[in-house]
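Please read it with the structure open beside you.

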Amino acid sequence: MTILRTADHGAVRVVTMNRPQARNALNRELIEMLYGALDAADTDDTVRAVVLSGADPAFCAGVDLKEAQTLGMEYFEKFRSHNCIAKTGQLRTPIIGAINGATFTGGLEMALGCDFLIASDRAVFADTHARVGILPGGGMTARLPQLVGAAMARRLSMTGEVVDAARAERLGLVTEVVPHQGLLDRALELAGQIAEVPGPIMAGLKEIYARGTAALISPALAAEQDIAGAQARDFDGLGDRYREVAQRNRGQIDG
């Protein structure tokens, strides 16, 4: 079974993370493959829009904590050359996040890099970085406040609380919630509308938005890298702490 699927629907490329048994957690193989797939889509002139999603039941649980526990910084070195979390926010091609299920920590950071998100009614979101003992380094503190406001972003990061799809829409985290079975069709419909816009116009529109938010986002990204990079990471017991958090929230996560 391939851990990453791609499919073209006209000028729209759908990229699907496919490690459902691990909630699409980013092991080193998936990190490399996802980065490569996003880069390939961005350099393919026939691709006018990208839809990023995950195989049910999750969108992405973030880093693979088993590999992180075992390998320590060796695991995180893969992000230096293939940072799939940051890649979504660097694409010149419009990218929609089709959020089908649980979207946590690094998975949420990756989703936040998309131009906008639509969600299944089964989607849930949480920033659990602090709860599992690590600092965000993939843009959480830069991008989350832009969508939900500074106070709510701090609340979500400090508490690790789980937000369901309906609340995520009210907060502005996602732009639309649809029935689960209709998620991909709706994402393709929106991506198709984007693909109809002449390429130079859409490229200019993305550049305008990027420049307009750079003054706010760039310093926050730099602060994340400085502080998270300097913070010593102790991976002993990290998986156990994560499992405790997941167990407490299991009813919401698995629902």
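The points below take the charged pairs in turn and then a helix.

1. This is a predicted model, in which local features need pLDDT of at least 70 and side-chain atom pairs count only at pLDDT 80 or more, while totals for chains, interfaces and linings use all residues. Residues are numbered from 1 along each chain as its sequence is written, and side-chain values use heavy atoms, with hydrogens and water left out.

2. With a salt bridge taken as a side-chain nitrogen of Lys or Arg within 4 Å of a carboxyl oxygen of Asp or Glu, the count comes to 15 salt bridges. Asp8, Arg13 and Asp44 are joined in a network of such contacts.

3. Glu32 forms a salt bridge with Lys78, and the closest N and O atoms of the two are 3.1 Å apart. Because Glu32 belongs to helix α1 (residues 28-42) and Lys78 to helix α3 (residues 73-81), the pair ties together parts that are 46 residues apart in sequence. Helices here are DSSP runs of H or I with at least four residues, strands are runs of E with at least two, and both are numbered from the N terminus. Glu32 has 38% relative accessibility and counts as partly exposed, on a scale where buried means under 20% relative accessible area, exposed means over 50%, and partly exposed lies in between (1.4 Å probe, protein chains only).

4. Lys206 and Asp115 also form a salt bridge, with the closest N and O atoms 3.1 Å apart. This pair links distant parts of the chain, since Lys206 sits in helix α11 (residues 199-230) and Asp115 in the loop between α5 (106-112) and β7 (116-120), 91 residues apart. Lys206 counts as buried at 16% relative accessibility, whereas Asp115 is partly exposed at 40%.

5. Glu176 and Arg186 meet through their side chains in a salt bridge of 3.0 Å, N to O. Glu176 is in strand β10 (residues 176-178) and Arg186 in helix α10 (residues 183-195), ten residues apart. Glu176 is partly exposed, with a relative accessible area of 22%, and Arg186 is partly exposed at 21%.

6. Helix α10 has 13 residues and reaches 18 Å from its first C-alpha to its last, close to the 18 Å expected at 1.5 Å a residue, where the expected span is 1.5 Å times one less than the number of residues. Which residues in α10 are buried? They are Leu183, Ala187, Leu188, Leu190, Ala191, Ile194 and Ala195. These residues cover an arc of only 165° around the axis, and therefore lie on the same side of α10, the arc being that of the directions from the helix axis to the C-beta atoms.
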